[in-house]
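Subject: Structure handover

Hello,

Here is the structure you asked to work through. Please open it beside this email and follow along.

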Amino acid sequence: MDDRKLMESLVEMQHFFKEGHLDYRPNLTIDCAIFGYNDGELQLLLVKNKIITTWCLPGGFVRKDESLNQAATRITAERTGIANLFLKQFEAFGDPGRNDPRGAFEPEKLFEMAGITLGEHTWLTGETVSVGYYAITDMTNARLKADFLSSECAWFPVDQLPPLGFDHEHIFRGALFAVRMHLYHFPIGKNLLQQKFTLKEIKRFYEVMSGKQLNASNFPNKLISLGLIVKLDEKKAIGAHRSPTYYKFDEESYEQALREGLVLA
């Protein structure tokens, strides 16, 4: 990081800790479970805070001039570089002690970086309620970026996650459950698959997302009968006598399904 960006980051950090209450709503945060799918594997985006020793879900405080949905959209866009991701609010988390930083917070690192010592009574102390969202993105199009408080931002397979800070393991489990519940009511696949795909590929996607084996013909046929996916005049060349047809999501049917929901089960 060059000197100018380093200074901007320092000023931003100092303002956040000292005067963040002017911009943000104290005790109200967003935590986002951002899922990515690539090559038959479901992954989760995690961040490492500069002054917190554990990996966490991307999140942050809600600004005073934005709604919860706007805050979630901002946070996911800042982390992935992609605007207008598929976002769903799924639960609020407010158990007593959920944001207790003991054992994870490194106050000496904060002082070393920004010359700040947090007292017992600041706008950042006290019980915090976090609104949980999950987001869906295509990992190949994401451009990961850490913010002024983060040192790392990386993808992890959902079955190989490192220990998570605070109650973020609980939030992640809730998000994964919500994704699997919503999978059959919203056309989530459009946000994670390539623009064109084979029936085998979309079946594999839904199996990975749901954690269940699906019928080889019944499930793709249900998508076709609902008008969600349409056949293209193009085949995938993968060898002699193996040229499956490509399909794509129908934009009009997709938008209607987002608005009204559907039943795939």
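V230 counts as partly exposed because its relative accessibility is 29%. (Buried means under 20% relative accessible area, exposed means over 50%, and partly exposed lies in between, with a 1.4 Å probe and protein chains only.) V230 sits in strand β8. Strands are DSSP runs of E with at least two residues; helices are runs of H or I with at least four; both are numbered from the N terminus. Leaving out residues up to four places away in sequence, V230 touches Y246, Y247, K248 and D250. Contact here means heavy atoms within 4.5 Å. E251 is 21 residues from V230 along the chain, and their C-alpha atoms are separated by 9.9 Å.

A word on the source. This is a predicted model, where local features need pLDDT of at least 70, side-chain atom pairs count only at pLDDT 80 or more, and totals for chains, interfaces and linings use all residues. Residues are numbered from 1 along each chain as its sequence is written, and side-chain values use heavy atoms, with hydrogens and water left out.

Next, the helix pair. Helix α5 covers residues 199-210 and helix α6 covers residues 218-225. They pack at an angle of about 105 degrees, with axes 9 Å apart. (Axes are lines fitted to C-alpha atoms, for helices over the stretch in contact; angles run from 0 to 180 degrees between N-to-C directions.) So α5 and α6 are roughly perpendicular to each other. The cut-offs are under 35 degrees for roughly parallel, over 145 for roughly antiparallel, 65 to 115 for roughly perpendicular, and oblique for the rest.

Which residues meet there? From α5 come L199, I202 and Y206; from α6 come F219, P220, L223 and I224. By class, this contact has 7 nonpolar, no polar and no charged residues. (Ala, Val, Leu, Ile, Met, Phe, Trp, Tyr, Cys and Pro count as nonpolar, Asp, Glu, Lys and Arg as charged, and the others, Gly among them, as polar.)

Now the salt bridges. A salt bridge is a side-chain nitrogen of Lys or Arg within 4 Å of a carboxyl oxygen of Asp or Glu. How many does the structure hold? There are 8 salt bridges.

- R74 and E66 meet at 2.7 Å, N to O. Both residues are buried.
- R173 and E169 meet at 2.9 Å, N to O. Both lie in helix α4 (residues 168-182), 4 residues apart, about one turn of the helix. R173 is partly exposed at 45%, and E169 is partly exposed at 33%.
- K236 and E201 meet at 2.5 Å, N to O. This pair links distant parts of the chain, 35 residues apart: K236 is in the loop between β8 (229-235) and β9 (245-249), and E201 is in helix α5.

K48 has no salt bridge, yet is buried. The nearest side chain of opposite charge is E152, 4.3 Å away. (Lys and Arg count as positive, Asp and Glu as negative; His and the chain ends are not counted.) K48 is in strand β2 (residues 41-49). Beyond its neighbours within four places in sequence, K48 has contacts that include W55, S150 and E152.

Last, N191. Look in the loop between α4 and α5. N191 counts as buried because its relative accessibility is 18%.

Best wishes
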